[in-house]
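Dear colleague,

Please find the structure below, with its sequence. My notes on it follow.

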Amino acid sequence: MEFYTEKEFLDIVVQPTYRDLGIDGSSPFSLGEFQNTPFPQVDCGSDTNKQNLYDRLKKLQANVPYYKTMLNQPRKENVPRELFRQYIAMFDVNGKDIFDWIAVKNVEIHCPFTVSDVGQIALCDTPGLGSFVSDEVKNLAVKIGENIDAALMVKKISQKVDTRDTTLYTLLGYAFPELERKDWSYFILNNDNGSGEPERTEYETELREKRIICGSYPLIDCRQDETVRKEFDTILDGIAVNQQALDDTLYQARFQEVEKLVGEIQTLVEKARGLIKNLVVAGNPGLIVKMFNDCWGDVAVDISNIVEKCKDACGDENNEFTGKLKEIEEQEMNRIVADAKDAGTIKTIKRDGLPQWFADKQRELRIDLSMAFDTLDEGCESLFDKIRQDVVNILKKEGKLATVFDSEMSEESKNDANLWLKMLAEQIGENQNGGKIARSIGMFCKASYSFRGNMLHRVRKTFGVLDSSDTQSEHYSFSPGDTVDDVCDKLQMAYEKAVSECCKELRKLAQEPNNVRYAAIDSFADVCCGAMLLLQNVWERFYEQHAGEVWPETFSKFTDNSKLKQDWDNEIRKLETAAGLLK
């Protein structure tokens, strides 16, 4: 039994679904982001497949808490039979939903088979023909290709040919695209209604008209052991006769593809070598180093000044945070949370009863309260956006990198500090030993402080007055004999208490945005502007590659040749490595 890692789950299950729904630009980078980020609206119209995908995605998100502990688990061997259902079924024996199966990547159940001359037989259980999610079709086809030599499809002759049959037949085609499916597949018609040869022939004709072409279409009463055994022996004999020929065909097809690919790569390498000989690289490396040191010294000083300012602000309450918190507190303390005279309230109470309405209202208010504080993120986001913009301004002005990415960015995106830094990280990372700087820039881009990510778990305890199962709600819980006015008053008092206590706890965290900001800029400065010779050499190479954009009057011709030569060398090495692996 094999489980998805978190990355595999996102790459194989979640992100392809976002892609197929047309919202791949919003696909999450972590399980936490998937769990906590609302989906964009998707207009499914009358497309039932798209609607099924969307519903499936929402179900995956809603049940993350149930299956996330299963992700990243090591492969399980020798799982007891009585535990099978827990991992592969959507419902337990009582019909209750279970969710462990979502985290399961692959299950292989081994058992004895009565025909001794069969090496092994694999029964491939598909995840609902016609309701595959995104890339699951191809993933299943790979498993089929790895585990079987021949495919037997079995269907009752009393059932009509439908899309499930064509879907399964198409799936087999993905397993061995080099082979004709008729050479290794068999469609067994289970004679469950006493049909004869005319009915079998008619059914075969219909299958062939649907382009389901198999080696044979035998009619078998699968309730008769001896009949099944006899027909099975016939099929096994056919498989044995064809197997070597099929293996040879498959080997030749794949070997020819590999040979063709290697030849194409070698041709490209030779062409690349011929072109690179014509490059004339000229310049003054010593002058580049001097000019780099001059401007990079200014960059290091200015970024160090930002670090010192952020350090000085550590321990101080962040004004944006406290201002936004005060605004939220005033807004929520003045909110009327329940109105006994509201027509909708009266209608709901009549339908569900006062105790149930009270419990539902408590839950609703807990949700409302947590969502009210989400707007704290606005102040925190601006804090980190500003510091990133300050760094970009220094790199553009003192570092003279303002025009380096002009050809790759639109006018609007040039003002996006995060995008600019990501492009810088991508290009720096291509240099030898540039990975450390690239990672540091990436972490700086991701630095943040948010209510749900950093604060909610600390203040959630203050919501207890809105939960009848919590001792904090003792004076605010529903009591027999309470009127509608009574419970509305209790809800109002409980909500105001929760708001007050939550704000009190959040004020204790008012220093943290400044502290996190300092940690982010200080770590960035250590790696990107530190005095380590190795890292300085990475920046020098980057400036050498872009000298024409940094100092256009002096180095334009040199840079064109130098950058092109380096890119060309890198691509040639990649091609040669790939060709070597394929031989």
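Are F542 and Y543 buried or exposed? Both are buried, where buried means under 20% relative accessible area, exposed over 50% and partly exposed in between, using a 1.4 Å probe and protein chains only.

Before the details, two remarks on method are needed. This is a predicted model, in which local features need pLDDT of at least 70 and side-chain atom pairs count only at pLDDT 80 or more, while totals for chains, interfaces and linings use all residues. Residues are numbered from 1 along each chain as its sequence is written, and side-chain values use heavy atoms, with hydrogens and water left out.

Aromatic residues

Rings of Phe, Tyr and Trp (its six-membered ring) pair if their centres lie within 6.5 Å; planes under 30 degrees apart count as stacked, over 60 as edge-to-face and the rest as tilted. The count by this rule is 14 aromatic pairs. One of them is tilted: F358 and F478, at 6.1 Å centre to centre with 45° between the planes. This pair links distant parts of the chain, 120 residues apart. F358 belongs to helix α13 (residues 354–372), whereas F478 lies in the loop between α17 (451–459) and α18 (484–507). Helices here are DSSP runs (H or I, at least four residues), as are strands (E, at least two), numbered from the N terminus. F358 is buried at 2% relative accessible area, while F478, at 26%, is partly exposed.

The pair of F542 and Y543 is edge-to-face, because the ring centres are 6.2 Å apart and the planes stand at 80°. Both residues also belong to one aromatic cluster with F292, W296, W539 and W551. Apart from neighbours within four places in sequence, Y543 is in contact (heavy atoms within 4.5 Å) with F292, C295, W296, G399, L401, V550 and W551.

Nonpolar cores

A nonpolar core is a set of buried Ala, Val, Leu, Ile, Met, Phe, Trp, Tyr and Cys residues joined through side-chain atoms within 4.5 Å. The largest has 87 residues, of which I303, F373, L424, L506, I521, W539 and Y543 touch the most other members. A second, separate core of 31 residues includes V13, C44, Y54 and F99.

The parallel sheet

Three strands form an open sheet with parallel pairing, in the order β3-β4-β5; two strands pair if DSSP finds at least two bridges between them. β3 (151–156) and β5 (219–220) are at the edges with a single partner strand each, so one side of each has no neighbour in the sheet. Between β3 and β4 there are 6 bridges, and K155 stands opposite L189 in β4. The chain passes from β3 through α7 to β4 in a right-handed β-α-β crossover, meaning that, with the strands pointing away from the viewer, the path from the first strand over the helix to the second runs clockwise. β4 (residues 185–190) and β5 pair over 2 bridges, and N190 has I220 in β5 as its bridge partner.

On β3, A151, M153 and K155 make up the covered face, and L152, V154 and K156 the uncovered one.

Beyond the strand, N191 sits in the loop between β4 and α8 and is buried at 13% relative accessibility. Leaving out residues up to four places away in sequence, N191 touches I157, L219, I220, D221 and R223.

With kind regards
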